[in-house]
Each structure stands twice: as C-alpha cells, then as structure tokens.
Amino acid sequence: MSQNPPSLRPDLAPRARLTETPRSGQPTIGMVSLGCPKALVDSERILTRLRAEGYGISPDYTGADAVIVNTCGFLDSAKAESLEAIGEALAENGRVIVTGCLGAEPDYITGVHPRVLAVTGPHQYEQVLDAVHAAVPPSPDPFIDLLPASGVSLTPRHYSYLKISEGCNHKCKFCIIPDMRGRLASRPAHAVIREAEKLVENGVRELLVISQDTSAYGVDIKHAETNGHRAHITDLARDLGALGAWVRLHYVYPYPHVRDLIPLMAEGLVLPYLDIPFQHAHPDTLKRMARPAAAARTLDEIAAWRRDCPDIALRSTFIVGYPGETEAEFQTLLDWLDEAQLDRVGCFQYENVAGARSNALPDHVAQEVKQDRWDRFMAKAQAISEAKLAAKVGQHLDVIIDDIDEDGIATCRTKADAPEIDGNLFIDEGTAPLSVGDIVTVEVDEAGEYDLWGRIPRHPRA
C-alpha cells in the first residue's frame, strides 16, 4: 500500500524527457523539462515546432546534437534543481540551451555554467528555435517531416495539459512569476477550443486546464468572442465540456464568478474538482502576502459549492512560516482547515526567493518553527484525507487508468485526483481486459491516508 503524501510542492512536476527514435542522419535535440505543467506545455510546443522543421527528438543525452533544459525558477530549491539539471546535461552532452523561468536570470545561470550555448526566458519560443538553429542547423525533409497531427506530447497519450493564458496580474509578495512571465495574456477562446478538439480527436480522454490564474481568463482581452467562442472561463469550461473528455480546472482563484462553474460540475460537463491556491487563512498573514483577506467568506463559498455539487473535490496549497506569522495566526490556519475539510492539500515552508518583496518583510520565522508548523499542518491534513477516503469504501467511482504494470496492477485516478499531485486508486486483480486510458467504474474496497484500492464489480451498475 502506498502511504506517500501528495507532492509538497504541487506546482513542481517531475522532470520529463520525451523519448522517440530519430532516423539516421537526422539532426536531433534532447529535452529535459522541469517545473510546473505550464512549463511542460512550453516544452511540448518547442518540440512540436522542432519536429515540424525536421529535427528528431533524442531519447538520451549521447544521441542528441544539443540538449534543451527547460528550467524552473520559482523557489531557491527549484533553482538548485535546474542548475543541477543543466550541469548534468553539460557533463553528458556538452551542448546545452537553457530556457524557462530561470532563463529570466541569464547571469545567474552563466555565472555557474558559463559553457551553455544560449539562455532564453519563459515562453520565448522563437528565441529558443533561433538558438537551436545556430547550434544545430536544420536539415528538413519535406516528404517526411510534416507536423504530426497530435503534435509532441510529454504526457501520456490519454491526458494532456491545455494552457489557456500566460502571465498573472496578481502581485503576491512571495511570488516572482509576474516578473518572469509578465501580465495576464489570454489565448483567444476559439484557439483553445481548436487545440482541445485536436487533442480529443487524437485520443486524449482528460484535459487539464492550466494557467497562472484560470479564473481571470479573458479579462485582458475583454472576454472577446471570436468564431462563436467567448473568452470567459465559464463559457470556455462549458465549451470544453461539450467535447466529451474529462475537463479538470487548475489554479482557480476564488473570485465570485467561480460559483458559476459549480452547476457545470453538477451537470457533469466538467469534473467536480477545483484547485484553488488559498495559501493561508489568517487575514493579517494574507495582507502581508498581498492576497485577498476573506477567509471567512471563503468558507461560505465552500459551503455553497458543496451544497450545489456534493461530489466536489477541493484541492489547495498553503504556506507556513511566512514572515511575521505568529503562533496565533498559524492556529487560525489549523482551525480554518478543520472547518474547510479540504480534500487535497499541499503545503510548503516559506523560503526567500530572489526578487520577491517578501524577503524584506520583518520577523522571519526560524527554520525549526517552520518545520514544526509544517509537521502539525500535514498531520491535520492527513487525518482529514484519511477520514474522507475511508468514507468512500463501498462506493462505485469512475476512474481513468494511468498505468498497468507487469504484475497486472492498475494505477488509476478518480475524478478527485489530478495526475502527479493527488492520490491514486489501485486495482489489484481483474485488469487483463483493461488498457491505459480506459475510464471504468470500480467499487472501492480499501482506503489509506492518500490512496484508494478497488475492484471491477462483477455486476456493474445498470
């Protein structure tokens, strides 16, 4: 049984490498993708463009003519991981192009790794391509190198991230994302729908909608309507739900209009799942973070969401040990969590990030205090999770199958579980007829702290 907690930094996905076999003589590029799903989408776009220009994608360092490292720069620990990945690529290959969020600090990168070929910032696709062209000139074959209908994917074939905007208009003091990625820039709704349609046509069963601020989608373009599709998150969710795939919403700020999404979840158009970054509950802490300080009203909203959609699963992330956080403020957070009873919770200890305004705040919390508060927070979150999952024993749930190992054990996810950051449901037997990507109904027969176990019912529901 897996008793591992969900990712403690849920915005950081495991590094991903694309694997395929290039043809003989074809110029090849390797890709190491770090950071959040938004960065993963950037990597997919870069690789799709390179494939269309005649490049092969190498499955390893030694077979690549150059390696692109798409970095994360949100936290100091993420920066360290990015620098380590760059160093590994230099040691194994020697020809490295750096892009992504840490690329917004080129001197920081070249100060540690002066041998990198080029450094570009986040979502600078053209600059990355220019750097690749300079390092490894293309050799296109118009009879072979046509843009594949499904593009290039770093995720399993049955689910895909769908980025709807770049940037963010918030000015949270602990975050430097707006400095790295700029202000909100929404994609036209018809372009998002067209991409989603192609993904579903090519076998995607689950669309994971991502951005820095999903609730604000379309604000910058005044919710423009083009080709019958309006750039507003409620309209977009409804249009995506009509495609027949699971639709999961990430990074949703709790603006009042979020309540308009709940009926779509109750109707089954989008998954009953909201990923909302609350970060804290005490109004003074939230003010120091430069975030909305309305935790009490948030509890009212949560109650209304659950009234209108009883199956809704709520996930959030929190920061403990933020500068100035008192024991009383932390206790308010614990009490709020008790009342909110969130289904999925991630938490990390505050750390300074170069360029963040929170660095200059007074009364930084000692490391041992941060660790103690993190331990207490996670113990409470774990107890809530364990109780909620125990209540699911005996229920019939729809799950999507992510993997079936050589022993026939299927790793699945319920509608309440996003890939990589939430729990799993495991099926131990009777999986021979199943395939990865299938959506099946299971009966839950066991629960742990974060995961479920189930079986295929002998007599499925009518």
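Before the first click, a term: a salt bridge here is a side-chain nitrogen of Lys or Arg within 4 Å of a carboxyl oxygen of Asp or Glu. By that rule, the structure holds 22 of them. Keep in mind that this is a predicted model, where local features need pLDDT of at least 70, side-chain atom pairs count only at pLDDT 80 or more, and totals for chains, interfaces and linings use all residues. Residues are numbered from 1 along each chain as its sequence is written, and side-chain values use heavy atoms, with hydrogens and water left out.

**Stop 1: a salt bridge across the chain**

Select Arg 413 and Glu 206. They form a salt bridge, with the closest N and O atoms 2.6 Å apart. Arg 413 belongs to strand S18 and Glu 206 to strand S10 (residues 206–210), so this pair links distant parts of the chain, 207 residues apart. (Strands, E, are DSSP runs of at least two residues, and helices, H or I, of at least four, numbered from the N terminus.) Are these two buried or exposed? Arg 413 is buried at 1% relative accessible area, and Glu 206 is buried too, at 0%. Buried means under 20% relative accessible area, exposed over 50%, and partly exposed in between, with a 1.4 Å probe and protein chains only.

**Stop 2**

Now pick Asp 343 and Arg 306, whose side chains meet in a salt bridge at 3.8 Å, N to O. Asp 343 sits in the loop between helix H11 (327–340) and strand S16 (344–349), while Arg 306 is in helix H10 (residues 295–308), so the pair ties together parts that are 37 residues apart in sequence. Asp 343 counts as buried at 12%, whereas Arg 306 is partly exposed at 22%.

Arg 230 is partly exposed, at 32%.

**Stop 3: the annotated cysteines**

Select Cys 36, Cys 72 and Cys 101, which an unreviewed UniProt entry annotates as "binding site". They span 66 residues in sequence, yet no two of their C-alpha atoms are more than 10.3 Å apart, so they gather at one spot. UniProt positions are given in the numbering used here, feature names are shortened, and annotations may be inferred rather than shown by experiment.

Cys 36 is in the loop between strand S2 (28–35) and helix H1 (37–52), and it counts as buried at 15% relative accessibility. Cys 72 lies in the loop between strand S4 (66–71) and helix H2 (76–92); Cys 72 is also buried, at 9%.

**Stop 4**

Most residues other than glycine have a negative phi. Now click Tyr 251: its phi is near 55°, a positive value. Tyr 251 is in the loop between strand S13 (246–249) and helix H8 (262–267) and counts as buried at 10%.

Then go to Ala 290, with a positive phi of about 65° although it is not a glycine. Where is Ala 290 found? In the loop between helix H9 (283–289) and H10. Ala 290 is partly exposed, with a relative accessible area of 35%.
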